[in-house]
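Visitor: I have a model open and would like to walk through it with you. Can we start with the side chains?

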Amino acid sequence: MDVSKIKNPSFLKDFSHQELEQLSSDIRKFLIETCSVTGGHIGANLGVVELTLSLHKHFNSPVDKILWDVGHQTYIHKILTGRGHEFNSLRQYKGLCGFPKMKESEHDVWEAGHSSTSLSAAVGMAKARDILGQDHHVVPVIGDGALTGGMALEALNHIGHDKTNLTIILNDNEMSIAPNVGAMHNMFARIRSNQNYNRFKFDAESLINRLPGGDLLKDSADKIKDSLKYLVVDGIFFEELGIKYIGPVDGHNFKALDEAITVSKQMDKPVLIHVVTKKGKGYKPAEKDIIGTWHGLGPYKLETGEVIKGNAEGPAWSALMSDEVLAYAQQDKRIVAITPAMPVGSKLTKFQQTLPEQFFDVGIAEQHAVTMAAGLATQGMKPYVAIYSTFMQRAYDQLLHDVDRQNLNVLFGVDRAGLVGADGETHQGVFDVGFLSQFPNFTIMMPKDGNEAKNMIKTAFETDHGPMAIRYPRGNAPLLDDSKNSELLKIGSWNVERNGDDLTIISYGPTVSLVKDVADELLKEDIHINIINARFIKPMDYDMLHNLGKASKPILTVEEAMLTGGLGSQIATFMNDNDYHNTMRRIGINDTYIEHGDVGLLLEDIGISKSNIISTVKSLIK
């Protein structure tokens, strides 16, 4: 079948298992070929082909609400709902989003970039259905890794208490972004290996239904069956919560999926179907991945799965940061690294292997990671929390209440700060400057290159100055000068990169290089720019700001972050509060979400571009 021509999933109702198996093969071939060009979350999607087909066969989307906790796992869902013809634009500028998007399709009933949200959203949808007297199914699909998130556990607690009528699909592939960790993971491993309960349960039901008076026996048999299940299953976590458990079910077997979903639809109470799948199924390079390399990646060679690498020079920012922290931790056992399920993404696997007793992967549990770091800091430890900017948002209260308020020495490596491109608006790291700047004790830094990053790490570990955050972008750091020794930085000190009398541009991080290119261009027109590297976003360099205020020359700020609460806003407030009257302009992200696409094109759209900065400078000096 040409899957790019599918219009809607209704045709699946009459498909036999054999036809579904052929369609599964066609979809896998289509995904492997198209994603080799566009990149994407190929491993996760190859693992849910049969599951997605079964859900759309048995439920009537969009009347029945199928919502995906793992938003990047919806490629098959998108194909079945008429978007296969757009897959050549997947995750591209102005193209098909790699996550559910309500404006793309009525079948996308929930947008998810972060995990562990689907159960709470499903409860809301189910309650609305019940209050409005409607009659449809609500089907959240959640992964075993996402179920470790506190929000998911809170929702399970509520679902079991209220007996909310839901069909929960637990997609258990033993991995999230990296291999799963923790007691929940171990529990699922035990259940996976114990098929006895499920086999016993269905055999018992089949026998009772065949006996004369089976209906009368059923209630008694249920009680006996529920008592016996404790003899054959190693822990019934969900049943104890009041949620009917069905499984484990082979997520690549249509007959098994049919039976489980059919039983669940007949029950007027919460049901959880435990589906076991293989991440990357059907493509050997993805199937062999045991560390999360195939979670999300760029274009690759179709024959071998080898990722096609760009020509970027210099070390990856994540690796540079993690390796430097490791070097300090090898000399000081008080330094420990913490990650919420991102050892691969944040390049901490080397740290994990070298100093396993000083490394903690807490799973998808950002709030726990931050407060655990706070607890460590109270005992004189020096925790380093490597966390993506977009995931740091999830621990706002812990950052404020547990770390900043107590002024604890915790260092945060804020990975993927700035635009990240293809993952789109749920993952753009542009909000952390605004919310961290509100916290009285936080020091916020961003290096322009690798040497400056090393200086910041040294400053963080060798001073007791309360909580600190070092932001760094996705991609590669400018080449290092390895001959330079790291040096302590004065907290709050800025650096003058270039002197000029016509106008001052203040920037930080990777946009410092862009501003230098602007200055070179303007020098040809005899316009001389004063460039300041505001490497400390907070605290600011107040002495330098006073000097700028007294000089009364125009000021332009450029930052790859939200303008509201950003450095430019803080500088404008300072100038106003101190009665300086410099003409000011701010270039950044103005009150909007940034969608997916090539970072260069997105920056052009926003106005963080050479041409826009040049025109703004010229308008200011006039």
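Visitor: Which ring does the charged end of Lys 265 sit over?
Guide: The ring of Phe 59. The charged end of Lys 265 is 5.3 Å from the centre of that ring. Keep in mind that this is a predicted model.

Visitor: OK. How many aromatic pairs does the structure hold?
Guide: The count is 16 aromatic pairs. One of them joins Tyr 283 and Tyr 300, with 6.0 Å centre to centre and 40 degrees between the planes, and that pair is tilted.

Visitor: Why does that pair tie together separate parts of the sequence?
Guide: Because Tyr 283 lies in the loop between strand S5 (271-276) and helix H12 (284-287), while Tyr 300 lies in the loop between H12 and helix H13 (317-329). The parts they tie together are 17 residues apart in sequence.

Visitor: And Tyr 283, buried or exposed?
Guide: Tyr 283 is buried, at a relative accessible area of 7%. Tyr 300 counts as buried too, at 2% relative accessibility.

Visitor: What about Tyr 396 and Phe 435, why is that pair edge-to-face?
Guide: The planes of Tyr 396 and Phe 435 are at 65 degrees, and planes over 60 degrees apart count as edge-to-face, so the pair falls in that class. The ring centres are 5.7 Å apart.

Visitor: Where do those two lie?
Guide: Tyr 396 is in helix H17 (residues 396-404) and Phe 435 is in helix H18 (residues 432-436), so the pair ties together parts that are 39 residues apart in sequence. Tyr 396 is partly exposed at 31% relative accessibility, whereas Phe 435 is buried at 9%.

Visitor: Change of topic. How many cavities of 30 Å³ or more are there?
Guide: The count comes to eight.

Visitor: What lines the largest cavity?
Guide: The lining is made of Lys 382, Pro 383, Asn 409, Val 410, Leu 411, Ala 460, Phe 461, Thr 463, Asp 464, Gly 466 and Met 468. Strand S8 (382-388) and helix H19 (450-462) each supply at least two residues of that lining. By class, the lining has six nonpolar, three polar and two charged residues.

Visitor: And how do the residues lining the second largest cavity divide?
Guide: Into four nonpolar, four polar and four charged. Among the residues that line the second largest cavity are Cys 97, Phe 99, Lys 101, Glu 111, Asp 423, Glu 425 and His 596.

Visitor: Let's do helices. Is H4 mostly covered or mostly exposed, and how many of its residues are buried?
Guide: Helix H4 (residues 75-83) is mostly covered, with nine of its nine residues buried. The buried residues include Tyr 75, His 77, Lys 78 and Arg 83.

Visitor: What do the buried residues of H4 pack against?
Guide: They pack against helix H1 (17-38), helix H2 (42-46), helix H3 (49-58) and strand S1 (65-68).

Visitor: I also marked His 136. Where does it lie?
Guide: His 136 is in the loop between helix H5 (118-131) and strand S2 (138-143). It is buried, with a relative accessible area of 12%.

Visitor: What does His 136 touch, not counting residues up to four places away in sequence?
Guide: Val 63, Asp 64, Lys 65 and Arg 129.

Visitor: One more loop residue: where is Ile 608 found?
Guide: In the loop between helix H23 (599-606) and helix H24 (610-621). Ile 608 is buried, at a relative accessible area of 3%.

Visitor: How many residues apart are Ile 608 and Val 558 in sequence?
Guide: They are 50 residues apart in sequence and 7.3 Å apart in space, C-alpha to C-alpha. Val 558 is among the contacts of Ile 608 beyond four places in sequence, and others include Thr 511, Leu 514, Ile 587 and Leu 603.

Visitor: Last thing, the overall picture. How many helices and strands are in the protein?
Guide: There are 24 helices and 17 strands. Of the 622 residues of the protein, 58% count as buried. Among contacts with a separation of 6 or more, 78% are between residues 24 or more positions apart.

Note on methods:
Residues are numbered from 1 along each chain as its sequence is written. This is a predicted model: local features need pLDDT of at least 70, side-chain atom pairs count only at pLDDT 80 or more; totals for chains, interfaces and linings use all residues. Side-chain values use heavy atoms; hydrogens and water are left out. Rings of Phe, Tyr and Trp (its six-membered ring) pair if their centres lie within 6.5 Å; planes under 30 degrees apart count as stacked, over 60 as edge-to-face and the rest as tilted. Helices (H or I, at least four residues) and strands (E, at least two) are DSSP runs, numbered from the N terminus. Buried means under 20% relative accessible area, exposed over 50%, partly exposed in between (1.4 Å probe, protein chains only). A charge sits over a ring if NZ of Lys or CZ of Arg is within 6 Å of the ring centre and within 35 degrees of the ring normal. On a 1 Å grid over the protein atoms alone, a cavity is a set of points where a 1.4 Å probe fits but cannot get out, and a pocket is an open set with protein on both sides within 12 Å along at least five of seven lines; lining residues have an atom within 4 Å of a point. Grid points are joined across faces, edges and corners, and a volume is the space filled by probe spheres set on the points. Ala, Val, Leu, Ile, Met, Phe, Trp, Tyr, Cys and Pro count as nonpolar, Asp, Glu, Lys and Arg as charged, and the others, Gly among them, as polar. Contact means heavy atoms within 4.5 Å.
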